[in-house]
Every structure is written in C-alpha cells, then in structure tokens.
Amino acid sequence: MTVESIIHKPQLTTLFGNDVLDRLERLRISSRRRFTSKSRGEHLTGRGGASIEFSDYRDYAPGDDVRFVDWNVFARLNRPYLKLYHQEEEMHVVLLVDASASMGFEGKLERARQLAGAFGVMGLRGSERVSVGSFNSATGAVGRLPPCSGRASMTKVLRFIEQVQPGGDAPVEAGIETFLKYHVGRGIVVVLSDFLTFGDLRRAFNLLFSSGLELMAVQVLGPTEIDPDVTGDLRMVDCETQATLDVTSANDLVDLYQEYRLAFERRLAALSQQRSGRFLSIGSEDELDWVLFDLMTRKGWVQ
Amino acid sequence: MNLLGFHAVANAWLFALIAPLVLFYFLKLKRPRLQVPSLVLWRQVVQDKRVNSPFQRFKRNLLLLLQLLLLILLVTAALQPFLQRRPQRATRTPVLLDCSASMAALGPASDARADAARQTVSRLQAARQQVGKMVDDLLPDEEMCIISFSRTARRRTDFTNNKRVLRKALEDIEIEEVPSNVEEALRMTQALSRNVSFDEVLLLSDGNFPGRAHVQLSFSRLNYRRLPKAGANIGITSLSARRRASRDWDVFVLVEGSADAEGAATVQVDRDGQPLGSQKVFVSKGGEERIMFRVGGEKASTIEARLVPEQADSLACDNVAYLHLPALRSLQVYVSPSLPAYGHALRAIESINVHTEPSEASYDLVITDRAEDLNLEATTRLCVGIVPGDLSEVIQVKEQPCAVVDWSRTAPLLHYVELGELSIMHQPCCREGITDSDLENNGYEVLAHGDKGPLLVQKQEPDRLSFFLLFHSDHSTLPYRVGFPVLVSNLVQVAMQQAGLAEARGLQTGVLGGIVLRPSRRVTVRPPEGAAVEQTTDEGGVLSGVPAPRVGYYRISEGGELWARLGVALLDASETSLQGVDKITFDEELSVAASAKELKTDRPLWPILALLAFCVMLGEWWYFQRGAGGGTQ
C-alpha cells in the first residue's frame, strides 16, 4: 500500500470522516438493562447459558443435563455440582431519526444523522442487529431499514441514513408508535429528535419500554432554540404546521423561554429515567467528536 | 378663577382622530414574520401567567398607548391651553416704557456675585426683560402696543401680536438722557383709546417723575409697575455762573446724590479743554455740595465740569456738565434825551455805557419815549408812554388821574419796587369787554394794573424783551419815588440777563432753542451720538427745536464751517436723585399705587406639550428600535 493510497483513501460515508469511523469501530454501545433477544449473540445475559465463559456452580438437581456436571469437583468432594456458563444473546439496536421539517433547521438533522450513523457503526461492530427508521410525514409513515447485522451491512446502514431528508410535520410520538408496529426484538432504541411536539410522549416511551427496548433519547436543538436572539414584536410561524403566534417584546420573554426549555429537558429526562432510559440534550453546533468520544463516554452511553 | 384656559377649543374635534388611530393600529399592525422550528415552547411562554399580568398586557400594547399619548398631547397643544396667572385678562395692552435718563441707572452694588451681575443691569434692561417675557407669553388673541416715553412719548408699534416686531421695537428703545414726563405718555395712550378699546395700561418705570399727573384717565385700569430700586448715585445737578463786578465769572457747581448715596468725589473743571482746577467733595446721604471756581470773563469760553465718584455710581450721564460763558463787557444803554431821570439813575450803576444819541449800533437796553427809537436794535426795551401798535385798538390813554391797583411783585422788573402811592395823571383805559386774557393772547403780560386798564406790560419775543409803560413817567410821581432807581436797576439787571451778561446756566438735554445764527441758513447739527440732522434758521437767524436727547457736545455747522459747539448736560436734580413716586395722583383725585411684584402673564402651555410630544416620540422610537440591529428576522 503506497503513501498516496493511504492519503487518498476514499470516504466510506459522507456523515463523518474515516478517522471518526476508525474510532467508532473501537467503541460499543453500553446498555443498562441488557434487553436481548433469545437468539444467540455476543451480549451476556444474566441467565445461565451455553457459552464457553464460566459463570458459577450450583447443586445438581434431578433432571439437570449431566453434561454440565463438573466431574473433577465430583471426584474431590463426591457430590455432583453443576457447572454454569454465561448466556450470550443478541441485542437489537434500533435507530429512530426524526426527519420532520423542524429538524431541517440549523443542521439538526445533519447532526442526528451523524449520531445515528455512529450508533449504527457501533452496533454492527458489536455484532448487533441494527435497524433504522425515519419519520417525516404527517401520517407517521416510517422509512425503515430492516434489521441487519455484520460488518458487511455497514454500508447499507450508512447509505440509508445518508438518504434521510427533512420534511413533513410528523410528530415524534406518532413516528415511534408506527415504527413499533413493524418491529420485533429487544435491545436498545436510540431516538434522535428535538422532541418539540404538542403530543404526549409518555405513551410512546411506554410502548418502547414494553417492547423491551431500552430508551436512549437524544435531543438535538439548534443554537437559536438554545439561546434565541429575538427582539420587538414578532409573528412566529411554525415551519411544520404554519401556525402563527404573535409575540410582543420578544426580547423580554427570552428568560421565560429559557425556563420553559430547561423544564422541558428535565421532564424528558424524567420520562426516560422512569422507563429505565437515558436522556441527553445536545446542540447542533456542538462538535461531533466531543459529543461522541467525550460527552457520551462520560455519560456511559458508549464504552 | 380658572387656572387653565383654552384659546382654540374648536380644535377639540381633533380628539376624534383617536378612533382612526386605534382602528389603524389593529388593522395595520405589521409584525415581522419569524419562522421557527416549533411553537411548542413559545406558546407555553406566551400563555404564562407572568406574561399575561396587567403590566405585561400594558407592555404588549405599549405602542398603541404611546401613540395615543402622543396624539392627545398634540391635540391638547392644538387647543392652545394657557395657565391663567392674572386675575383679569386683557386682549389689548399698551405698554408704557420709561426710557428717561434715570432708567439708565444700574442696580445696587453688592459683594455677592449674583448681585454683582444684577448690578450691571440697567433699569431699562430690567424693564426690557419684563416686557420681553410678556411678549414671549403673548397669546394669539392678545395684542400689545409699545410706547416709550421720556420727555415726550413715542409709539413704537401698533397693537400687534407679532412677536418679532415687538421684540425689535423693544431692542430699538434707547435711553434718552432727559427727565421723564409721564403725562405725555398717558395723553398718547388716551389718544389711542379713542380708536382702539383696551382695558388695561401697563406702565413700567422707576417712578422718577412728578407724582401728580394732569391727565384724565379714559381707561379703566392703569397697572403701574415700579422697577427695582437703583443703586447709589452722585451727579452734577447745576452748573451756573454769575457775573462779578470785577469782570469775572463765579462758576458754581452743585453736586447732589440720591437718598442712599454717601461718599467722596472729585470735581474737575476744565476751561476750553485746559484744566482749571479740581476739588474733592463729600456728599452725605440726601445732602448736597456746592463749590465755586472763579473764571476771568475777558473772553468767551466753555467750562466743562466732570465728577469722578470714588465709589459705585449707578448713573453716568449726570457726571458731566457744560457751561458757555460769553466775554464780559459793559452794558450798552441808549436813553432818549427826553428822559433825563432815567439817565440820571443809570449813571449811578457800574459797568454800563449810556448813550443819548441814537446810532446804527445795537444796544443791550433802549429806554425811550419816542416811537422812532423803536427801530433801534436792542435785546431789551423800555418804552415810556407808548402804547404798542397791536394794542392801540384796545387801549386808549385818557387824561385823567389814576392809581396803581395791583402789580406783580415777583416780576424781575418790579422787585422791591413800591407802586402803591404812585400818582398818575394819564390813565390807560381798556375798551369794554377787553380782559387780561385778550392781552395775553397778543403776547403781553400785565405787570401793573390801573383802575381801568393795564399800566405796565411786557412782551417776550424770541430775540427781544420789551416793557411798555403805558403812561408817561413824567406825568406821574414815579421819578420822585424811592422805587424809581430800584426800577431802573432792575431794568439793567433784566437787560444784562437778556444779553447774557449777568449770569449763565448750563444747557440741559431736551430741546435746544434760541440759538442765534445767520438768517435762513440750512445748518447741520451733529449730536454726540447718532446721525446728524439738517435744520434751517428762521428769518431772524434763530435756530430752534434742535432735539438734544444725549449728553455731550452738539456741533452746528454749515458747509463744513463750525458755527457753534454747544455742550449739553442732564443737570436735573430729580433724575440724579433717582427717587421714584409710589403713587400717581390724577386730576379727578384718582390715584394709582405702584406695585413692585413680579409681572405675571398668562403662560401658554402649548410649547411644553409639544416638547412632551416630541419626547414621547423619541422615547417610542428608541424603545422600539433599540434592538433593530440585532434582531433575528
């Protein structure tokens, strides 16, 4: 391999560079609850299993498979003990990307796609089954990539994510519910959205939890949503519904807006934690490297 | 009393503009559109109780409220409100402004800095400021007429509310260094009242005029505002000279001060520009100092006396005086040979030359009983037994005895002359119906009355004083009376005064008259300040009616040739005293008291309202545009 071929190594994806990809391949998604599918995989479950990794001993009970009796112990103690092994099961990684029109502002969708791609890479490199869904229409129709696994699926996953485009006024809770109609499998779900919806997220989060998916909610907000710079009398127009709202002396309301934004984040975090999930809010202008390799590592999302 | 009034109440319909303003506000309020990802948070913010508190509601409609406030202020200004500070309003006000010499007096001196600044303000400037404030506060339906007065009155403007014209007229008023005469101003105001009606007349003066005015007020109110008291003043109030027998002049300088003036001063006297002497005087409060200098009378000369006070002096124009002294000579007297008694009496008097032969020369005194001698040129005449031609129709001399009934003891000719026991053989009789008034109308003043007519009359002409003894003294006991030489001596004194050989007095400001020049000549009179004026002498060569409002030298010339240089000074004790009357009494025993309170005028409020409206507009602009540069659109 020549030096030039190394320098001009083609990019695997437009979402991030190969250097980021190299670092991602060394990371794994860290789940808390070990929601796993019965199919054999690489995630150790709490239950005993048939892997080669020793877990514990227990007394032999009639009916146990004598193949798991530790004969060396029996020879020393003259009592049969059953040798237990860890169960390694497959974990399903679901990536849900909110692609409504509101995500088209200030690079929010771009950052959501990058994060989805990163989680996809980490999932595939961890031999998980990765499926991707995006919703951007009023009816809640979901673009869906069926579960796939293996390193060979990485290109497919990344291409799907790259093609997600913003539009429509699909509420995030409707998109989640629609996606779950077609989803089977336990694991983790990474929801990438701004969560700015008039609907009730509790039902959607409950459905995720009951489906055996550990929720990892990432809120992506634009800089003007985090710190709005508005002044005077304005007529605000919702980009999804085209609804209007007249605001007078908007600059005097910014402090109140911040109170409501932080309260909204705290409510989302509470909703996630109540369902054994996690919540993280980032800005679309935050550095990707910092988010992936610093913030998420410190938060224990990846390791 | 209503404190607030409106001039243009009809403009109240403008308040109806509030309706379209509110309508347009809600119809035309255009807010910039701002597209946001979601209204979720903003809707919660807008629905928050804190946003919907009353104060926040007020803030939401702040623009409308400010616009309403602006409109209300403008419409209220259009109503032309005013703050009524006078008990009664006057739509037309003549303002009589004193500009006499005493109005040039400065305020009292003080060590305090503020008072020191006030000290530099003359009474006229203080009056100007008061009237200027009135002009500034003049309301649209009010008119003012400015009349300045000193010795005479002058109307500066018609009744107008043109502030520019009024201010210009105020600026044009200058001090005239003459005594003031309030009657002239009041008479002019009376004349004005015949054409224009007004209720109140404002008189602004320091009160330095006689307290009694012989005027009948034809207007209901005279508002007499006396200006603040002036500072201490010392000045020359009299400069005169009296002839001494030794052909010298005794020059007298009288220095007086105002009631509160006390201090030293130096009187410097120059003769024809050369110092003659100086003397220090000390004037006590309300006192006077008289000093005398002796001047030789061998030639005509001009005396200039200058007072240099050693302390603050509020009036400068009375610190100088001028006196013109003629060259002293003997009195030239012609006595008719037929009147030896007069000649005999004259010979006992010094410094006179008695002639008994008529000549072409001019005389100072002619005493004759011959009609042909009346053609002799003389400044004083005594015609004995001659009835003047213009009285020959009304007075007839009859040969019957008569006695003197009454005579004027104060007349200079009859000083100390007793005529009571005089017997006269010829009696001048007036025709029936002829009274003293008819004689006075012909210019004659009766000095002695007989049973049926005048015995002695005098006629003052511009260049000549004539006495007519209507009976012949030879036909009376007059020459034998003790009073006869006294009469002749008085006649000589009168002749000396008439010829200017007995005494001289400094010329006063006002009007110069009786200046004898060449007949029918057009001369130029150049005052000490201001433009020269052209005037013509009469057929007798007398120049009269020369206005002299300023102290200083007046140069009279013809074609560049200087004929006379006359020094004119104030020389008025009343003006120097700076005393003011607190009350003016009129003929009908009405009196008007002076008020020293601040002159109150109705104050228009529209400029304040307009200023407030402007401030509201600026505040609105600032409030709504302050963040325009950083706004997110």
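**Entry 1: a sheet in chain B**

I looked up an open sheet of 4 strands in chain B, ordered β13-β12-β15-β16, with antiparallel pairing. I take strands as DSSP runs of E with at least two residues, and helices as DSSP runs of H or I with at least four residues, numbered from the N terminus. Two strands pair if DSSP finds at least two bridges between them. The edge strands are β13 (274-283) and β16 (320-325) of chain B, each pairing on one side only. From one strand to the next, the twist averages 20 degrees; axes are lines fitted to C-alpha atoms, and angles run from 0 to 180 degrees between N-to-C directions.

This is a predicted model, in which local features need pLDDT of at least 70 and side-chain atom pairs count only at pLDDT 80 or more, while totals for chains, interfaces and linings use all residues. Residues are numbered from 1 along each chain as its sequence is written, and chains are lettered from A and ligands numbered from 1 in the order in which they are written.

**Entry 2: β15 and β16**

I found 6 bridges between β15 (residues 301-309) of chain B and β16(B), which run antiparallel. Opposite A305(B) I find A321(B), in β16(B).

**Entry 3: where chain A touches chain B**

I find 33 residues of chain A in contact with 26 residues of chain B (C-beta atoms, placed from the backbone, within 7 Å). On the chain A side, α8 (223-226), β8 (234-238), β9 (244-247) and α9 (254-274) give two or more residues.

**Entry 4: a strand pair across the chains**

I see β8(A) joined by 4 bridges to β2 (residues 33-36) of chain B, and the two run parallel. D238(A) has V36(B) as its bridge partner in β2(B).

Definitions and conventions: Contact = placed C-beta atoms within 7 Å.
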